[in-house]
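Please read them alongside the sequence and coordinates.

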Amino acid sequence: MYQNVTTNLLNLALSLSDALDLGNAKLFQRQIRSAFVAWQLGRAACLAPEPLRDLFIAALFHELGAVSPDEKLALYMGQAQNLEVHCVRGERLLQTVPIFEPCASIVRNHHRSWRDWSGPIENQLVLQSQILFLADTLERFINRDQYILHQHEELISRVSSLSDNKIHPLVIDLLKYVGRREDFWLDITSPRLYSLLLHSAPCRGTEVELGQLIIISEFVRNLIDFRSKFTVTHSAGVSTAASMIASLFGLTELEAELMNVAGNLHDLGKVAIPNSILEKNSKLTDEEFAVMRQHTYVTYMVLSSIGGIQQITEWAAYHHERLDGSGYPFHLTSKKLGIGSRIISVADIFTALAEDRPYRQGMNKNDAMSILNDQGKKRFLDINIIELLKANYDQIHALTSEAQEKAMNTYLQIY
Ligand SMILES: [Fe+2]
Ligand SMILES: [Fe+2]
Ligand SMILES: [Fe+2]
């Protein structure tokens, strides 16, 4: 078992950025493409390594304040009613993670016209924010159905027309400078852009320790859970219940912490599910449930592409598997489902039953335990873990509620 856990920051940031654009095919790798453009322009502007790194990470997450695929699509189509909202939310969300803190102000200002700044373009934050403004705009202007070298000159002149008040002429000059090379344009639209960045982008040597990983997992949890008022506190509950059950079961302190991370990340794949399904106030149709079923698959794919966190990945992504093999999406059986995955499955159902849903009120202890017992008898869930939960129900419920209250407070501060 683990002595410690470290993972690579670039891997993590690319994988999460990619995941955040999964909601709609039109948005595919939108933030990764913008980050590539911002990075190239930042280099041309001779930004020092640290501000360049901050600009790159800010670009990878610049639309994170738009919580649903619909909101992201409206921004992409230039149809958003209010550009301020996602900038402010994005800033607040990034401020919750110390290593992302320097990126927060860049995201806050990525739609700010250069004439609205009091400082000159040479000021670092003005320059970073203006470069991101351009990168985001250029990415939106690209016609994804047309070969890039048949449109790049037109793209430069469209962006140049914004120099009167939106994007500073010096930043447009940076685009003209890097845009003279075909490889810049071919890279933006290359299907291999992700792996190109993985091997050459800033911060590829930066490792993330367990303490930082826990904070990042809470940040990701908020991005997912805050999408719907019915799930605001869900993963906070699951992670607390899971790590507590793990400790009671006799797992090590480190394993309980990893369980906390897995609980925070278990529903990460819901990033790809539309709100119309997440918030439906009646039973899902077969078609809708088929869409919903991809969420644990997406959790698995996103986390396993990060690397270095295989145990967390399995614990998080197997939470809808069942001991008898009737779960989804891998149909694993008891032989393949370790104690961590079994604990998350019980913690997930325990938390979900106690929560209000669009179609029902949260359940009391007796009703929740009777459903869990039934699932244990059917060999869906591990009966030993259910017994342990039953014996410590009040204590687990109290701690879970406390963590959920905290999550609710964070939500109210950010949204
Ligand atoms: Fe934006
Ligand atoms: Fe789930
Ligand atoms: Fe869940």
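1. Overall dimensions. The protein chain has 415 residues and a radius of gyration of 23 Å, which agrees with the value near 22 Å that a compact globule of this length would have. The radius is taken over C-alpha atoms, and the globule rule is 2.2 Å times the number of residues to the power 0.38. Along the principal axes, the C-alpha atoms fill a box of roughly 70 × 45 × 40 Å.

2. Basis of the model. This is a predicted model, in which local features need pLDDT of at least 70 and side-chain atom pairs count only at pLDDT 80 or more, while totals for chains, interfaces and linings use all residues. Residues are numbered from 1 along each chain as its sequence is written, and chains are lettered from A and ligands numbered from 1 in the order in which they are written.

3. Secondary structure. The protein chain comprises 22 helices and two strands. These elements are DSSP runs numbered from the N terminus, with helices being H or I of at least four residues and strands E of at least two.

4. Domains. The protein chain is divided into domain 1 (6–200) and domain 2 (210–414); the bounds come from an automatic or database domain assignment. The centres of the two domains, taken over C-alpha atoms, are separated by 33 Å.

5. Domain interface. Contacts link 22 residues of domain 1 with 23 residues of domain 2, two residues being in contact if their C-beta atoms, placed from the backbone, lie within 7 Å. On the side of domain 1 that touches domain 2, the elements giving two or more residues are β1 (6–8), α1 (9–20), α4 (69–76) and α5 (83–94). Of these, α1 gives the most, with six residues. By class, this side of domain 1 has 11 nonpolar, eight polar and three charged residues. Here Ala, Val, Leu, Ile, Met, Phe, Trp, Tyr, Cys and Pro count as nonpolar, Asp, Glu, Lys and Arg as charged, and the others, Gly among them, as polar.

6. Helices α2 and α3. The axes of α2 (residues 30–44) and α3 (residues 49–60) come within 7 Å and cross at roughly 160 degrees. This angle makes α2 roughly antiparallel to α3. Axes are lines fitted to C-alpha atoms, for helices over the stretch in contact, and angles run from 0 to 180 degrees between N-to-C directions. Angles under 35 degrees count as roughly parallel, over 145 as roughly antiparallel, 65 to 115 as roughly perpendicular and the rest as oblique. The crossing of α2 and α3 is right-handed; a crossing is so called if the near helix is turned clockwise from the far one by less than a right angle, and left-handed if anticlockwise. On the α2 side, the residues in contact include Ala-35, Ala-38 and Trp-39, and on the α3 side they include Leu-52, Leu-55 and Phe-56. Nine of the contact residues are nonpolar, three polar and one charged.

7. Helices α1 and α11. The axes of α1 and α11 (residues 193–200) come within 10 Å and cross at roughly 160 degrees, which makes α1 roughly antiparallel to α11. Their crossing is right-handed. Leu-10, Asn-11, Leu-14 and Asp-18 of α1 meet Tyr-194, Leu-197 and Leu-198 of α11.

8. Helices α19 and α21. With axes 10 Å apart, α19 and α21 (residues 383–391) pack at an angle of about 50 degrees; they are therefore oblique to each other. The contact is made by Arg-342, Ile-343, Val-346 and Phe-350 of α19 and Ile-385, Ile-386 and Leu-389 of α21. Its residues comprise six nonpolar, no polar and one charged.

9. Backbone points to inspect. Tyr-328 and Pro-329 are joined by a cis peptide bond, with omega about 0 degrees. Pro-329 is placed in the loop between α18 (310–317) and α19 (339–354). Cys-46, although not a glycine, has a positive phi of about 60 degrees. Cys-46 lies in the loop between α2 and α3.
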